[in-house]
Amino acid sequence: MQHYQAPESLLKDRIVLVTGAGSGIGKTAAKIYASYGATVILMGKTLAKLEQVYDEIEAAGDPQPAICPLDFATANPNDYKSIADTLNDEFPHLDGLLHNASVLGQRTPIAQYSPETWHQVIQVNLNAQFMLTQSLLPMLEQSKDASIIFTSSGVGTKGRAYWGAYAVSKFATEGLMETLADELDGVSTIRANTLNPGATRTAMRATAYPAENPNTLKTAEDIMPIYLYLMGPDSKGISGQRFNCQAEG
Ligand code: NDP
């Protein structure tokens, strides 16, 4: 699937929500989904970044997106409910949900890890995905074949020293996906899978590996084939699986 070639109208008439859509991989995914015909709901922390993506999608002549700012670090269950109510008033269904937003937290041993940072990382990287998914399940059920993509990491299946709450949040993301996919199996057309982007040239990667030459890394554009495959109808019926954009990450 790393070389999947999407048909031009792959996401025509589909409505998809991307978290962390203002920068990095999420920005690229939002723009490419729009270029394949999707109406994209841009969710993220920083409004100005979402507005910039909105303008770029409009300038490209792709379907008009929607902006939905939300800080996952502070949002509570009522915030997710009210966003779901608003989206439900504006859109007839939701065909895709890309959980992409994450924070890195500290790169430090467990022995020294700050409890405050731990809570924040788990809140943004895990609890937000649970609350957002739960609130949007009724809209996803209105789609004929909705796709939920959770973003994992190499440290989401094999623990690594100093990755702290980030690694733990990605292990939990794998668990959330598997639990949800099993619950949906046979009773819903919604599918859920995890996707590990692998080493990709973004701000987060540069923070995690400051000495690395970014030019040696894949760009977000390079890894988009699987993002398209999993979001579009060609992956219908595939659920509970782990995907990797690159051989290693
Ligand atoms: P970036 O740091 O470049 O982007 C992260 C995005 O998450 C930003 O748009 C950011 O919004 C958003 N975000 C952060 N905090 C919050 C919050 N409190 N509320 C809402 N949104 C928030 O990361 P990448 O693009 O590199 O990563 C995207 C995904 O891929 C992540 O899940 C990451 O774990 C995963 N990944 C990345 C790898 C890589 O090499 N790049 C490797 C493996 C996994 P804002 O800019 O407004 O803060």
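Colleague: Hi! What should I know about the model before we start?
Modeller: It is a predicted model, where local features need pLDDT of at least 70, side-chain atom pairs count only at pLDDT 80 or more, and totals for chains, interfaces and linings use all residues. Residues are numbered from 1 along each chain as its sequence is written, and side-chain values use heavy atoms, with hydrogens and water left out.

Colleague: Got it. In what order do the strands sit in the sheet?
Modeller: The order is E3-E2-E1-E4-E5-E6-E7, seven strands in an open sheet with parallel pairing. Strands (E, at least two residues) and helices (H or I, at least four) are DSSP runs, numbered from the N terminus. Two strands pair if DSSP finds at least two bridges between them.

Colleague: And which strands are at the edges?
Modeller: Strand E3 (66–69) and strand E7 (242–244), each of which pairs on one side only. From one strand to the next, the twist averages 20°; axes here are lines fitted to C-alpha atoms, for helices over the stretch in contact, and angles run from 0 to 180 degrees between N-to-C directions.

Colleague: How many bridges are there between E2 and E3?
Modeller: Four, in the parallel sense. Met43 has Cys68 in E3 as its bridge partner.

Colleague: Let's look at E6. Is it mostly covered or mostly open?
Modeller: Mostly covered: six of the six residues in strand E6 (residues 191–196) are buried. Buried means under 20% relative accessible area, exposed means over 50%, and partly exposed is in between (1.4 Å probe, protein chains only).

Colleague: Which residues are on each side of E6?
Modeller: Arg191, Asn193 and Leu195 are on one side, with Ala192, Thr194 and Asn196 on the other. In a regular strand the side chains alternate between the two faces of the sheet.

Colleague: What does E6 pair with?
Modeller: Five bridges join E6 to E5, and Ser147 stands opposite Arg191. On E7 there are three bridges to E6, with Asn196 opposite Asn244. E5, helix H5 (residues 164–184) and E6 also make a right-handed β-α-β unit. Right-handed means that, with the strands pointing away from the viewer, the path from the first strand over the helix to the second runs clockwise.

Colleague: Which of its residues are buried?
Modeller: Ile25, Gly26, Thr28, Ala29, Ala30, Tyr33 and Ala34. Those buried residues pack against several elements, including strand E1 (15–19), helix H2 (47–59) and helix H7 (224–231); contact means heavy atoms within 4.5 Å.

Colleague: Last one: where is Asn125, and why does it count as buried?
Modeller: Asn125 is in helix H4 (residues 115–141), and it counts as buried because its relative accessibility is 1%. Its side chain makes a polar contact of 3.2 Å with the side chain of Ser169. A polar contact is a pair of N or O atoms within 3.5 Å; within protein, one must be able to donate a hydrogen and the other to accept it, and residues adjacent in sequence count only if both atoms are side-chain atoms.
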